[in-house]
Amino acid sequence: MTESKAVLSSNKMSNSQLLHRVYPLLVGLFLGFIQTGLFFQLSFTFSSSFRTYVMMVICWLVGSVLGLRVATKWAVPTNGFLLIALLAYGISSVALHLRPFETTFGILYALLIILMGIYPGVFFARMSSIYQARRLFFQENNGFIIGLVGATLLFMLVGRLGIWVSPVLVAGLVTLSGMYGNQYDIHPA
Amino acid sequence: MTTRPIQSISTEFSIKGYLASRRMAFAPLILIFFSGMNLILIQWVLVRELTALLFGTELVILLVSAAYFLGISVGYVLSKPIHLNHLKPLAVLTLIVHLTLPIWFRLMVTGLDGVGAYPVAFVLLPLLTPFVVSAFYSIFLPLLIDHQSGSLTELYSLELVGSVCGVAILVMLGGLGLQTVYILYGAGLLAILAALKIKRTWLAFMTVAAGLWLVVLPTLNTWSNTLWYVQLRNLPAGSKTLFSGYSAYQKVDVLETPYGKHYLYLDGLEHFGSYSGERLNVVMGQIPAALLQPPNALVVGAGSMQMEALIAEHTGYVTTVELDPMVGEVSQRYFTRYNHMDTLTNHRLIIDDAKHFLANTHARYDLVATDVPAAFSIQTATLYSESFYQSIADHLTPQGVLVVGLTSTFAPDDLVSRRIAASLLVVFDEVMVITAPSAGWSFAYASNDMPFGRAEVETALQARYETGYVIYDTLAVETVVGDAKPITLDSMNIVLRVSFDRIKSRFE
C-alpha cells in the first residue's frame, strides 16, 4: 500500500490524514515511555550498574532485529505485538515491584525486553509499505523524544505511577488509531 | 506525494563493471552499519562531555539527551533535500568536527565564561548538538531507502546490528579511554568516506591526518580539560590534569594544583578537594568511628576514600561499595596521600550498585557512612530515599549507626536537607543532625538505638577543633523537618528542584 493510497478519499479524509500523521508519533511516544520507564525501574529496583544498561540496549536492539526480519512475517496483527510489548512491560514492572533486586530474574528481564523490542521492529517493517521511510522515522523519533522527556518528568513529578499508567494510555491511543484507521493494523501478506 | 526520480546507487555503479558493482552494492551496507555504530560511540562521548561542561544535573542530562535525539530527526529531514554528492564534504567536515569535539566544546565554554557569558552555554550547546553531532548519521537510512539501495527491513536491521557492535565496543574497550574509542570511531568515519567514494588520495590524506590527530589528542585533551577547570572551577594557574576519562556512568577528572593538592570531579562537579570536603570526612567518618569503635563498617560511595582511611583507624574492617569502577581506580591511584590505600590492610572495595549489594548481602554493619554526590540526578537521589535507608537499617546491628550528609545546611527554610531528614525519621527512632561550620553541609547520625549521646559528640567535635557547631536532637529535628515529605521512589521532585536551582545559580 502506498502512502497516497493510505490516505482515503472518503468523507473521513481529514480524520484519516490526521491519524496518518499522528500514528507513528504515538508509537514513538509509547516506545519512549516504556524504554525510559523500564530503565528507571530496572535502575532503582534491580541494579543501576552498566550491565543493566547494556542488557537493556542489546536486548531491545536484538528484539527489534527479530521483529524486522522474523516476527513481521507471523500472522499476528501489529496491535497484537503492541499488546505483547505492553504485557512484557507490565510483567517486568510487577516483578520489579514484588521482587526488587532479585538477581536471578535477570534472564527473565532480558527475555521480556526482547519481547518489547519486537514491536518496533514489526512496526517499521510493516509501515514501510505505507509511509515514506523519512516521514516514518522522523515522526516516530519525535514521538520517542517526547516520550523520553515526558517519562522522565512524570517520574520526577508523579513517581512510578506515572511510568506505569502512561504507557497503557498511549498504547490505548495507538490501538484506537490502528482500529480506526483500519489500514494500519495490517497483517503480513 | 511526488518523489524525485533518482537512480539507485547499486544501478548507478553497476555500469562500472562487475568488481565495481560488487564493491558499490556493498557501499550502502557500509554506510548504514557504521552509521549505527558511530551513533552509539559519539553518544557515549558527547553525553558525558556536555553533561560535565554544563555541570551535570538531571535537567542537563535530559536536555543533552533530547538534543542528541533531536539531531536524528534533523538528519531525517535533511535526507530529503541533500544530494549524495553533498555527503562527501559533509563526511569530511564531520570527521574533523567530531574528532576535535571535546576540545572545541571546552574551549567554547571557557571562552564564554571568560567574557562572563557562561549561561549562554546552556542555550548554545543544546542548540548546536542536533546539527553537529547526530544529524549526519541519520541522513543515510532514509536516503538509501529512497534510492532503492535496499529495503527498510534490510537496511534498518543492519543499522541496528551496527548499534549493537557500538555497544559491544564500549563494553569491551570503553574503559581504555577516549583515544581508543576515537580510533574505532575515526575508522568508522573513514569507512563511510570510502563508501562514499571519496578520492583515494583524499582518503589517504584524511587517514594520515586523523591518525596524527589521535596521536596528539591525549595532550590536547588534558590541556583543554585543565583550561576549563582553571577557568570554570577557579583552580590556580599551573594546575594540571592527572586523569580524565569517560566511565560507564560519568566523566571522571583528577586535577592537581601547583601546591600538590588533588581534586576529584565527577561530571564537572567537585567531589573532593576542598577543605570543607576533608572536614566532612572527619565529622562523618572519623568521629562516629571513634565513638563506636565498630568491628564492621561500610562506606557507600568511594570518592577519594579518605573517609575510609579515617574510619579504618578505629574499626576492624571497612568495606566500600562503589558503582563506578573508574572512581575506585582513580581513588586508589591518585589519592593515596589521603586514603592510604597502599598500606591499609583492613579495607576492601566492592564494585556494585549499593542498593543491589545491600539487597543481596547478609552482612551486618555497626557503622554505615555515605559518601555520595548530592541529589543532582535521579540516580543519586535514590541514595537519599526512604527505601534505601530502610535497606541500610536492615543491615545495621542493633546499635548500629548510619551517617548521612544532608547536602546543605539544615534549617526550616531548606527543603532538601529537611526532606532527607524526613526520610531518616521514617526509618530510624533517633536522628541527630549536626551543622559543623567547617564541613559546609549538615549531616545526620541515625540509629534505632543510638549508642552515644549529645555530650560524647560534642566532646569529639571539640577534640577535632570544631567550633560553632549546632546539634539538633531527634525532637528538634522533627520540629525543623515539619511537614517536609520523605524522599521516595514516588516522590522525586526534589531532583527537579535541585537541578533547576543549580542551573538558575549559573545565571545569577
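Biologist: What should the 26 residues of helix α6 of chain A span?
Modeller: Keep in mind that this is a predicted model. At 1.5 Å a residue, helix α6 of chain A, residues 133–158, should span 38 Å. Its end C-alpha atoms are 36 Å apart, which agrees.
Biologist: How many residues of α6(A) are buried?
Modeller: 19 of the 26, so α6(A) is mostly covered. A buried residue has 20 or more other C-beta atoms within 10 Å of its own.
Biologist: What follows α6(A)?
Modeller: A:Gly159. Its phi is positive, near 95°.
Biologist: Switching to chain B. In what order do the four strands of the open sheet come?
Modeller: The order is β1-β2-β3-β4 in chain B, and the pairing is antiparallel. The edge strands are β1 and β4 of chain B, each pairing on one side only. From one strand to the next, the twist averages 25°.
Biologist: Which helix packs on the sheet?
Modeller: Helix α9 of chain B, residues 200–232. That helix touches β1 and β2 of chain B. Its direction makes about 105° with that of β1(B).
Biologist: Over how many bridges do β1(B) and β2(B) pair?
Modeller: Six, in the antiparallel sense. B:Phe243 stands opposite B:Val254 in β2(B). A hairpin of four residues joins β1(B) to β2(B).
Biologist: And why is β2(B) largely enclosed by the rest of the structure?
Modeller: Because five of its six residues, 251–256, are buried.
Biologist: What about β2(B) and β3(B), how many bridges there?
Modeller: Five, again antiparallel. B:Leu255 has B:Tyr263 in β3(B) as its bridge partner. The hairpin of these strands has five residues between them, and B:Gly260 in that hairpin takes a positive phi near 90°.
Biologist: Which residue in β4(B) is the bridge partner of B:Leu266?
Modeller: B:Leu269. β3(B) and β4(B) pair over three bridges, in the antiparallel sense.
Biologist: New topic. How many residues of chain B are in contact with chain A?
Modeller: 45 residues of chain B, in contact with 41 residues of chain A. Elements giving two or more residues to chain B's side include α3, α7 and α20 of chain B. The largest share, 10 residues, comes from α7(B).
Biologist: What classes of residue are on that side of chain B?
Modeller: There are 27 nonpolar, 12 polar and six charged residues on the side of chain B that touches chain A.

Technical notes. Residues numbered from 1 in each chain as written. Chains lettered and ligands numbered in written order. Predicted model: local features only at pLDDT ≥ 70, side-chain atom pairs only at ≥ 80, totals over all residues. Buried ≥ 20, exposed ≤ 12 C-beta atoms within 10 Å, placed from the backbone. Pairing = 2+ DSSP bridges. Contact = placed C-beta atoms within 7 Å. Nonpolar A, V, L, I, M, F, W, Y, C, P; charged D, E, K, R; others polar. Expected span 1.5 Å × (residues − 1). Axes fitted to C-alpha atoms, helices over the stretch in contact; angles between N-to-C directions.
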